[in-house]
Amino acid sequence: MNNYALVGRLVIGDDGKTLTQTSIPRLMNAYDEQAIEAALRFRDAGTECTIAVVCAGAESGDVLKHAAAMGADEIVSIPIEATTVDYHVMGDLLAAYVQSSGGADLVLCGRQASDDDQGVVPAILAERLDMPLVSIAREVALTDGGGVRVTRVTPDGDEIVECAGPAIVTISNELGTPRYPTMAKRMQARKKQPTVVEVASLGLADTALQPRVTLTKQFVPTVQSSCQMIEGASAAELADALVAKLREENVL
Amino acid sequence: MSGPAVVACTWGVATSDIEELLTLGRTVAGSLGGELRWLVLGALPEGATDTAGRFGVGGVDHIEDAKLGTSGSDAYVAALAQYCTDSTPQLLLFNQTFQVRDAAPRLAARLGVGIVMNGIAIEQDGGTLRVTASAFGGDTRTVYDLAGATPQLVSVSANAVAPEAAATATNPEVRKVAVDLGAVEERVRVVTPPKREGPRLEDAQTIVAGGRGLADAANFKLVEELAAALGGVAGASRPIVDDGWADPSQQVGLTGKITRPGLYIAAGISGASQHMVGCSAAKTIVAINTDPDAAIFKHARYGLVGDCLEILPELTRAAKAR
Ligand SMILES: Cc1cc2nc3c(=O)[nH]c(=O)nc-3n(C[C@H](O)[C@H](O)[C@H](O)COP(=O)(O)OP(=O)(O)OC[C@H]3O[C@@H](n4cnc5c(N)ncnc54)[C@H](O)[C@@H]3O)c2cc1C
């Protein structure tokens with residue numbers, strides 16, 4: 001879900017936990033879009049590769065077509081009822097898909113979903129596939145020998161790390177704006193059919209499909225306002241009144 | 001046999017973060033009718049036993065190993081997995097640091113247990129653990145029920161709870177816990193570590209932050225000047241960081257720094273929840289905005305309706321006049 005479109009306009013549905021469709025356009029998670037952009041930049045730079053975009057969920061059609069329009073070679077849908085999927089189930093499904101399709105040289109994910117903000121799936125995927133995890137990247141480069149060199153956006157500034165491939169890298173918004181596909185590409189993508197992979201064909205145990213975390217409720221928190229407006233006829237008066245107030249309250 | 005009800009796991013965080021986590025841990029352990037333990041990975045923080053006693057910790061478990069202390073998460077995940085197998089806790093709590101964002105979900109995957117990130121409250125309801133988390137960049141709260149195998153894991157957001165010492169102090173002992181990290185080879189290698197420049201926003205007592213209302217990159221210096229006059233640090237909203245008016249290290253909010261200053265002055269900032277996540281723990285918030293209906297006034301203690309380009313220099317003058 002793309003959060004930018006709906007900041008401050010959220011309406012919780014009758015079930016008390018999901019957002020109503022009218023208040024949220026169904027768009028690709030912005031961070032996932034940036035992950036696709038990161039992959040496309042490899043190809044732009046001349047790396048020969050196949051870019052597959054995989055989406056597990058109930059209605060992945062439009063999201064996958066957008067991925068195809070951006071430039072994905074292959075779009076893959078794993079149909080499953082969203083309410084039965086937690087991060088473990090999602091991680092297991094995606095890991096099983098990667099394994100069943102012959103592995104991947106590099107797995108790119110958005111750093112987190114911009115609806116629930118959890119950011120757990122890439123770590124689960126890394127464990128399941130036994131791949132190193134490099135999170136919150138602004139830049140990804142390939143090294144000789146199939147590894148990656150990644151610039152991570154840490155709270156202390158940029159950190160550059162390297163690891164051998166295949167690896168899981170999560171992409172942050174600092175990568176930059178993802179490309180917006182042209183009309184022609186969007187028209188073309190409309191005809192592209194996703195490869196459908198049935199959950200049953202992935203050979204997962206029943207226990208792997210058992211969610212451990214269930215969303216039971218969602219609400220918009222209320223803020224108790226207690227703002228005192230500072231009065232003044234000019235900027236200078238306002239400033240003097242505020243500084244006096246802050247000194248009186250020992251804030252300054 | 002069952003282990004401790006709650007284990008608060010910390011490494012590389014400030015004492016105030018530890019105190020928040022121990023406060024939450026003590027409450028939850030109480031509702032589970034069990035013990036709170038504190039697991040320290042790496043060096044013991046200064047005054048650890050004293051902190052533990054004041055916050056009602058039953059005992060401190062200490063894991064020290066040369067392989068800990070890297071920015072990678074392989075050694076931490078291995079150490080925590082061994083600890084969980086040996087100590088069988090019911091619930092593990094973490095301060096949500098940059099590293100915990102990787103380590104905690106990996107641990108959950110390795111143990112096959114439930115996890116919630118961005119946690120802000122935890123309660124117990126007839127055997128079900130119910131965790132409230134922040135979502136949609138702070139616009140909503142989600143409530144999750146955790147089921148299945150233990151330990152369940154919760155990564156707790158900064159400033160989720162206010163630290164509160166226990167009514168009765170305890171007298172905890174530090175127990176060395178041995179783990180075998182012989183097989184761990186950290187797979188992610190640091191080539192260039194991050195360089196921190198200037199004072200940390202997270203530690204600042206006074207922050208003056210500017211947003212799009214500054215209208216132009218050149219006006220960010222008005223924010224810096226007031227910050228300097230108040231002995232504080234300059235901060236910024238995300239759009240002006242994206243536009244290059246301020247440095248990424250100055251960004252306050254969901255994808256920037258989570259701060260908790262005594263005084264936070266927001267100039268030309270609308271008060272979007274993604275920004276407020278990073279400053280709502282400030283003791284006093286002052287908002288300067290031309291729009292009297294701006295959301296920021298709902299969060300502020302003091303509001304000034306007016307042009308920040310005029311008010312900021314006047315505030316600098318008034319702050320310097322003593
Ligand atoms: C996933 C995600 C993560 C995000 N993370 C962050 C984050 O970490 N930090 C963050 O800040 N934002 C973040 N955002 C963006 C956030 O939603 C807002 O868009 C952003 O905080 C708005 O910045 P602003 O207040 O500077 O700009 P605006 O919302 O444009 O507000 C400008 C304000 O200035 C006022 N103004 C205009 N002129 C003047 C003047 N002359 N004097 C005084 N006031 C004036 C206006 O009335 C307005 O209120 C994130 C968004 C998403 C989707």
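Which residues does B:Phe94 touch, not counting residues up to four places away in sequence? Before I answer, some ground rules. This is a predicted model, in which local features need pLDDT of at least 70 and side-chain atom pairs count only at pLDDT 80 or more, while totals for chains, interfaces and linings use all residues. Residues are numbered from 1 along each chain as its sequence is written, chains are lettered from A and ligands numbered from 1 in the order in which they are written, and side-chain values use heavy atoms, with hydrogens and water left out.

Now the answer. B:Phe94 touches B:Cys9, B:Trp11, B:Leu21, B:Leu80, B:Val100, B:Ala104, B:Leu107, B:Leu153, B:Val154, B:Ser155 and B:Val156; contact means heavy atoms within 4.5 Å. B:Phe94 is also one of the residues that touch the most other members of the largest nonpolar core, which has 91 residues. Others in that group include A:Ile168 and B:Trp38. A nonpolar core here is a set of buried Ala, Val, Leu, Ile, Met, Phe, Trp, Tyr and Cys residues joined through side-chain atoms within 4.5 Å. Buried means under 20% relative accessible area, exposed over 50%, and partly exposed in between, with a 1.4 Å probe and protein chains only.

Next, chain A. A:Gln34 is in helix α1, residues 30-44; helices are DSSP runs of H or I with at least four residues, strands are E runs of at least two, and both are numbered from the N terminus. A:Gln34 counts as buried because its relative accessibility is 7%. A polar atom of its side chain lies 3.3 Å from the backbone oxygen of A:Asn173. That is a polar contact, meaning a pair of N or O atoms within 3.5 Å; within protein, one must be able to donate a hydrogen and the other to accept it, and residues adjacent in sequence count only if both atoms are side-chain atoms.

In helix α2 of chain A, residues 61-70, the buried residues include A:Leu64 and A:His66. The buried residues of α2(A) pack against α1, β1 (52-57), β2 (74-79) and α5 (183-191) of chain A. After α2(A) comes A:Gly71, with a positive phi near 135 degrees.

Last, the ligand. Residues from chains A and B surround the ligand, so the site is shared between chains; a residue is near a molecule or strand if one of its heavy atoms lies within 4 Å of it. A polar side-chain atom of B:Asn289 lies 2.7 Å from an oxygen atom of the ligand.
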